[in-house]
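Let's take a friendly walk through a protein model together. Keep the picture open beside you as you read.

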Amino acid sequence: MTEQRFAAGFLFPGGLWLLAFFLVPLGILLAISFGYTDDLGNALYGWHPENYERVFDPVFVPVLLRSIGFALATVALCVLIGYPVAYYIAVFGGRRKSALIALVVLPFFVNYLVRTYAWIAILGDDGLVNGTFDTQIRFLNTPWAVIGGLTYGYLAFMILPIYAALDRMDPALIEAGKDLYGRPWLTFRHVTFPHTFQGVLAGAVLVFLPAVGDFVSAQLLGGPDEYMVGNLIQQQFFAAENWPFGAALTTIMMLFLLVWMVLYLRSAAREAQEVTA
Amino acid sequence: MLNGELNRRELLRGGAGLAVGVGLAGCGVGDTGGGSKAAVEKPIKKKVDGDLVYFNWAEYIDPDLIKGFEKLHGVKVRESNFDSMPAMMSKLRAGIAYDVIFPSAEFAQRLISGNKLRKIDRSKLDNTDLVYSQFQEPWYDKGSEHTTPYTMYATGLGYRDDKVSGLTGSWTDLQNADSGGRNFMLDDFQEGIGMANLVKGYELNTTDSDELEKSLGYLKGVKPKLRGISSDPITNMTSGSAWLHHLWNGDVVNIRNQVDNPEDFKFQKNEEGIPVGSDTFAIPTNAKHPGTALLFIEYMLQPEIAARNVEWIGYPMPYEGGATEAFAGLVKDDPEIEVTVDDLANGQQFENLKGDGRVAWDETWTEFKAS
């Protein structure tokens, strides 16, 4: 009993935090999503469920599909780039492991917006790359620039969980794999990758969630046809002053992401059960 | 009242209410948040009554002038910045007290109609007689009782004279001139829809649904020919990504200040119409140091100070004398950048849209961006 009370005490600060900075704002968001805007631009409470009807206007379907497509492409690129990096650090990092991980996290000390602006200077028509190689490649205002910006922005979220999974793995398993099959690729496919798949999945969720709602990359690196859901929502709050519609969009977006999150959590729980069983 | 403004107190109450499962929809949530008439009317004594809490766009005033003001009156200027008018409004709505703010004309009108701005007695403010006659009785502040102008700007097309050919003096040059595919539209719902309305020959501020539908059709036709829709012409033009940009005249001055070949950057005012906008000085009703704020405005309006400020920010101020001469000096290579008295007379100003009209503009722009 006392132990339980002790545990409850431990939960208290976190619970209070969640209540004050998650549940209460979430409630405000929901309340505003049914409201309306007056002539002075003030968001007012009310009962206007039509805000939600507008979310399902077919004009927004391409925006949603594009956001999902960009986010999935970002996840794929992050796996392709992040896995080898994590593998190198975990397996060959030796004493420099911590330093290498610190290097992965280092860019996060600079604001994402500022780093994205740096890409404009690097990739611009008269930018660093085109200037150095005397080329005239048009990098900016393309879907590739947006996906590149997202990949750059969220790569660390992929590297860290994969690194953690690789680091936890018993090296003897790889030895055993080599003893049985011999060839490195088969060992990787049948031993290493399956053992670190949960890390990849965790990374995929950590990258997908912020990438699908991102607006900075599309706004600064994209063109007219790279408009994402994040831009749509940001526009409602900061340009159109239509907080109620922005809040309705946000609510639907959160429900959509929640489905993915639940799927991931169930998969992770199943995996944990299999390991302990 | 059935419905109320979401000031911070109401927001907390609303959120907490929902969190414990009490739906708020349709319930009364307090007062309308408008200021009281008495707070608006209260005369301001022009004397130092504390440090100045200053709220403006970033880099929209010469910082040396702020230092000069601090020294002159022995006060500190506590600066904070907003990055959009709606962002400024949400800070004001949250009840944060600022002494001097810089709302655009449309937002000044809204703040005035919500009783949020103190009256400024111009008879006690030196140099307000220099304000251009077109701004003596502005649409957004009848009687000029609550604001005095800060800057003005005309919207047109900025272009690289050494790169772009085929300009005809029309807004349609944005998509038709040979700009090497480096053409950008402003990411601003008023400027975007306003441009389309002018091209179609409608009133700048039309809310007629048929006309807006046709303007939307025009914008959708322009979109595939654009490289981008951006609110950062300075970065786009100086980085070489843009050779032709829908922008404000002051930005051309700023671009010219930042490049090695300023003579190649020009400004075109378009025959279908020139939207003219302006920003203002204002003192909110909840200002704690309105006396210092009034001294600050008066300090900024001295012709020699205004001239220095114009040279620094690159935007014209609608005041005769030093400010006008300073801007003329800045643009002597390309007088087209100037906003002339004729432009002001022929120009059209964006007005506040109300009710369904506002919703229609919002939906038009959202559909344009999403399409």
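**A walk through chain B**

Strands E5(B) and E6(B) run in the parallel sense, paired over three bridges. You can find one of these links at Phe184(B), whose bridge partner in E6(B) is Gly228(B). E5(B) also pairs with E7(B), again in the parallel sense, over two bridges. Here Asn183(B) has Leu244(B) in E7(B) as its bridge partner. Bear in mind as you look that this is a predicted model.

Is strand E5(B), residues 183-186, covered or open on its faces? Both faces are covered. In a regular strand, side chains alternate between the two faces of the sheet. On one side of E5(B) sit Asn183(B) and Met185(B), on the other Phe184(B) and Leu186(B), and all of them are buried.

Next, look at helix H10 of chain B, residues 249-258, which is mostly covered, with seven of its 10 residues buried. Among them are Val252(B), Val253(B) and Ile255(B), and also Asp251(B) and Arg256(B).

Chain B contains 15 helices and nine strands. Its radius of gyration is 22 Å, close to the 21 Å that the globule rule gives for 371 residues, so chain B is as compact as a globular protein of that length. Along the principal axes, the C-alpha atoms of chain B fill a box of roughly 55 × 55 × 35 Å. Of the 371 residues in chain B, 46% are buried. Contacts also reach across the sequence: among those in chain B between residues at least 6 apart, 75% join residues at least 24 apart.

The chain can also be read in parts. Chain B is divided into domain 1 (1-33), domain 2 (45-152 + 277-346) and domain 3 (154-274 + 356-370). The C-alpha centres of domain 2 and domain 3 of chain B lie 27 Å apart. Where these two domains of chain B touch, domain 2 contributes 11 residues and domain 3 contributes 13 residues. On the domain 2 side, five of the residues are nonpolar, two are polar and four are charged.

Finally, how confident is the prediction? The model scores ipTM 0.87 and pTM 0.87. Chain B averages a pLDDT of 89, and 91% of its residues score at least 70. Where in chain B is confidence lowest, and where is it highest? It is lowest in H1(B), at a mean of 38, and highest in strand E3 (residues 100-101) of chain B, at 98. Over residues 1-32 of chain B the pLDDT is below 50, and this stretch has 69 contacts in the model beyond near neighbours in sequence.

Note on methods:
Residues are numbered from 1 along each chain as its sequence is written. Chains are lettered from A and ligands numbered from 1 in the order in which they are written. This is a predicted model: local features need pLDDT of at least 70, side-chain atom pairs count only at pLDDT 80 or more; totals for chains, interfaces and linings use all residues. pLDDT is the predictor's confidence in each residue, from 0 to 100. Helices (H or I, at least four residues) and strands (E, at least two) are DSSP runs, numbered from the N terminus. Two residues are in contact if their C-beta atoms, placed from the backbone, lie within 7 Å. A residue is buried if 20 or more other C-beta atoms lie within 10 Å of its own, exposed if 12 or fewer, and partly exposed in between; C-beta atoms are placed from the backbone. Domain bounds come from an automatic or database domain assignment. Ala, Val, Leu, Ile, Met, Phe, Trp, Tyr, Cys and Pro count as nonpolar, Asp, Glu, Lys and Arg as charged, and the others, Gly among them, as polar. The radius of gyration is taken over C-alpha atoms; the globule rule is 2.2 Å times the number of residues to the power 0.38. Two strands pair if DSSP finds at least two bridges between them.
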